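Please keep the sequence and the structure in view while reading.

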Amino acid sequence: MNANNINNNPISTDVVKYVAELSRLSLDEKDTITFQHQLARILEYIAQLNEVDTDSTPPTTHVLPTMKDVFREDVPGGSLSQKEALDAAPDSVRGFFRVPRVI
Amino acid sequence: MPMNGAGRQQSQQFVVLGESLKTGESMDKKGKYETVVGLEVHVQLATKTKVFCSCSTRFGAEPNTQVCPVCLGQPGVLPVLNKEAFMCSLKIAIALGCDIQESMKFDRKNYYYPDLPKNYQISQFDMPLAYAGEVRITLEDGQEKRIGITRAHMEEDAGKLIHDPGGMCSYVDLNRTGTPLLEIVSEPEIRSPEEAHEYLVALKRIIKYLGVSDCNMAEGSLRCDANISLREKGRSKLGSKVEIKNMNSFKAVRDALFYEEERQAEVLDEGGTIKQETRLWDEEKNVTSSMRAKEESHDYRYFPEPDLVPFDISPHLVQKIRDNLPELPAARRERFKKKYNLDWYDVGVLTSEKEIADFFESVTVLTEPRSACNWIKGEIMMHMNERSAGIFELNIEPGYLAKIICMVRDGIISNLAAKDVLRECIERGKDPADIVEQKGLLQVSDKGELELIVDEVITVNEKTVNDLKNGKENALGFLIGQVMRKTKGKANPKLTGEILRKKIKG
Ligand SMILES: [Zn+2]
């Protein structure tokens with residue numbers, strides 16, 4: 001796909017901006033165009049599935065059709081220590097993860 | 001945040017049904033509008049571990065000490081459903097008379113907020129555990145009303161955020177993340193703040209009877225969001241809906257709905273329109289205020305959770321659970337009425353909480369039901385209110401109350417002394433018989449001793465004695481009172497009356 005496709009791109013820049021907002025991402029104009037192309041390419045790739053004839057295939061909700069009803073018993077197991085839990089976080093204080101203020 | 005979602009879209013379809021079931025009159029003052037309320041209740045299930053991992057769900061632990069790679073949402077982990085969480089959910093759905101679905105699956109509900117480490121919540125969208133149940137409530141006029149349940153689905157709880165007032169940061173504790181929840185969505189069939197309150201009381205009672213949640217609103221194990229709209233009476237189309245959050249008690253739900261009912265009526269009366277929005281209840285100021293005007297939050301982009309396999313729920317299992325459900329509030333009320341021959345009001349009080357009903361039944365093993373009922377709804381409940389405690393938190397064994405009741409019945413202690421004994425019993429946990437002995441509360445039933453006291457009373461109350469002689473019967477009560485005073489309430493009133501009568505009237 002090249003830049004000429006922009007006008008008939010199935011994804012509008014408005015859609016890209018909306019999805020970015022839902023994902024709490026801030027994109028500049030250049031990013032928006034980049035992702036517009038990438039998302040279009042992903043959709044195009046997935047659209048290949050439309051070529052498969054599924055008329056006689058029953059709907060499924062999972063890729064493992066025979067595996068069902070997998071449970072675990074209600075028995076406490078190990079948790080991480082507070083230090084282990086917080087170690088990978090960019091910021092923490094007094095046992096809490098610290099994040100930029102949210103409403 | 002995890003409070004809204006699929007349920008609301010679902011409930012829209014049932015508007016017509018809600019209309020046809022309309023029973024109560026609108027509560028609004030002018031009578032011009034009808035209030036339409038739907039409630040979303042989240043119940044934390046009383047499991048030992050989280051819904052998809054084996055971290056503990058204990059309340060009040062140090063922050064971020066009950067977390068693991070699964071509930072922290074680290075890459076490459078696999079959630080596995082907690083069997084007990086599933087069974088608890090199933091029990092509630094069955095007790096609410098829901099249609100249990102033959103198969104269910106989990107979905108990802110995507111939104112971005114720091115209390116949700118995966119950036120999605122595992123919930124159920126189009127194949128939930130159950131649809132179409134009901135809760136029956138009693139209206140002010142004694143009428144029973146059915147409030148429909150749209151659906152009940154399982155999901156995981158989010159973490160806890162602490163906001164630094166005025167600061168630049170928020171603090172995140174993920175201990176609660178992954179705690180099992182059942183979300184119960186009502187039909188928009190609630191017609192007043194009072195009905196909403198009754199619905200919550202009845203729902204909580206059923207869940208408590210099942211023993212699958214402590215339903216403690218203060219600790220967050222039961223939470224409620226409300227949707228409210230007004231429409232002109234006689235119209236079937238619903239008005240714009242406002243969602244209210246942040247209500248921490250049943251009373252807060254009722255107050256917030258009252259406020260919102262008035263606010264919306266005012267806006268409509270002035271020719272304005274109601275904005276569809278989420279509003280927060282402010283308990284201190286007693287107002288709701290707009291939280292977010294935009295409807296962006298509805299874009300959850302649900303899709304099936306690929307890490308969890310689907311579940312088949314066999315009718316056989318459903319039947320087995322149904323057969324083994326504990327006695328529910330409605331059934332217990334019926335049985336109490338028949339078995340103990342009490343009136344509906346008393347039965348209502350005794351079955352209002354499972355613990356109270358259990359306590360009552362333990363007491364009646366040893367004593368007469370009518371007195372047990374009177375003592376529980378009088379003195380025992382007074383002590384519960386004084387201490388804001390549950391009946392078993394009073395630390396009085398049912399056997400002790402039974403003993404006190406029997407001592408009164410047998411004339412060993414007076415009714416007045418019995419109240420003191422009960423208080424002592426609750427405060428010190430001692431056997432009532434010991435208290436009676438130590439405090440010298442034994443009722444004076446010795447005829448000789450009483451006669452001496454009666455003689456004294458007769459000597460100093462000449463006028464009243466004459467009144468009694470002349471047929472003024474209420475004079476007797478006064479004289480018995482005088483004997484009581486002299487014996488500090490320990491005189492046997494019946495015997496005292498007999499002696500007085502005999503001595504005066506001969
Ligand atoms: Zn965990």
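Putting chain A and chain B together buries an area of about 3,900 Å², of which 58% comes from carbon and sulfur atoms. On the side of chain A, the residues that lose the most area to chain B are A:Phe71, A:Arg72 and A:Asp74, which together make up 19% of what that side buries. The model is a predicted one, and the values below are to be read as computed from it.

**The interface of chain A and chain B**

- The contact draws on 37 residues from chain A and on 56 residues from chain B.
- Between chain A and chain B the count of salt bridges is 1, and the side chains of A:Lys68 and B:Asp312 meet in a salt bridge with an N to O distance of 3.1 Å.
- Polar contacts across the interface of chain A and chain B amount to 21 residue pairs, with both residues at pLDDT 80 or more.
- On the side of chain A that touches chain B, at least two residues each are supplied by α1 (13-22), β1 (71-72), α3 (82-87) and β3 (96-100) of chain A, and the largest share, 5 residues, comes from β3(A).
- By residue class, that side of chain A divides into 18 nonpolar, 9 polar and 10 charged residues.

**Helix α16 of chain B**

- Helix α16 of chain B runs over residues 474-486, and because its 13 residues at 1.5 Å a residue should span 18 Å, the 19 Å between its end C-alpha atoms agrees with that expectation.
- The buried residues of α16(B) are B:Ala475, B:Leu476, B:Leu479, B:Ile480, B:Gln482, B:Val483 and B:Met484.
- In an α-helix there are 3.6 residues a turn, so residues three or four places apart point the same way.
- Just after α16(B), B:Lys488 takes a positive phi of about 55°.

**B:Leu479 within helix α16**

- B:Leu479, which is found in helix α16 of chain B, counts as buried because its relative accessibility is 0%, where the cut-off for buried is under 20%.
- Leaving aside neighbours within four places in sequence, B:Leu479 is in contact with B:Val457, B:Asn461, B:Thr464, B:Val465, B:Leu468, B:Leu500 and B:Ile504.
- B:Val454 is 25 residues from B:Leu479 along the chain, and the C-alpha atoms of the two are separated by 8.5 Å.

**Two polar residues of chain B and their surroundings**

- B:Gln44 lies in strand β1 (residues 33-44) of chain B, and with a relative accessible area of 14% B:Gln44 is buried.
- The side chain of B:Gln44 makes a polar contact, at 3.1 Å, with the side chain of B:Asp157.
- Not counting residues up to four places away in sequence, the residues that B:Gln44 touches include B:Asp157, B:Arg176, B:Thr179, B:Pro180, B:Leu181 and B:Val212, and also among them are B:Ser213, B:Gly220, B:Ser221 and B:Arg223.
- B:Ser240 is found in the loop between β12 (222-232) and β13 (242-247) of chain B, and its relative accessible area of 33% makes B:Ser240 partly exposed.
- The side chain of B:Ser240 reaches the backbone oxygen of B:Ile274 at 3.3 Å.
- Apart from neighbours within four places in sequence, B:Ser240 is in contact with B:Ile228, B:Ser229, B:Gln264, B:Ile274 and B:Gln276.
- B:Leu230 is 10 residues from B:Ser240 along the chain, with a separation of 7.7 Å between their C-alpha atoms.

**Asparagines with a positive phi**

- Most residues other than glycine have a negative phi.
- B:Asn64 has a positive phi of about 55° although it is not a glycine, and its place is in the loop between β1 and β2 (81-82) of chain B.
- At 0% relative accessibility, B:Asn64 counts as buried.
- B:Asn341, which is not a glycine, also has a positive phi of about 55°, and its place is in the loop between α7 (329-340) and α8 (344-350) of chain B.
- B:Asn341 is exposed, with a relative accessible area of 63%, whereas B:Asn64 is buried.

Terms used. Residues are numbered from 1 along each chain as its sequence is written. Chains are lettered from A and ligands numbered from 1 in the order in which they are written. This is a predicted model: local features need pLDDT of at least 70, side-chain atom pairs count only at pLDDT 80 or more; totals for chains, interfaces and linings use all residues. Side-chain values use heavy atoms; hydrogens and water are left out. Helices (H or I, at least four residues) and strands (E, at least two) are DSSP runs, numbered from the N terminus. The expected span of a helix is 1.5 Å times one less than its number of residues. Buried means under 20% relative accessible area, exposed over 50%, partly exposed in between (1.4 Å probe, protein chains only). Contact means heavy atoms within 4.5 Å. Buried area is the accessible area (1.4 Å probe) that two parts lose on being put together, summed over both. A salt bridge is a side-chain nitrogen of Lys or Arg within 4 Å of a carboxyl oxygen of Asp or Glu. A polar contact is a pair of N or O atoms within 3.5 Å; within protein, one must be able to donate a hydrogen and the other to accept it, and residues adjacent in sequence count only if both atoms are side-chain atoms. Ala, Val, Leu, Ile, Met, Phe, Trp, Tyr, Cys and Pro count as nonpolar, Asp, Glu, Lys and Arg as charged, and the others, Gly among them, as polar.
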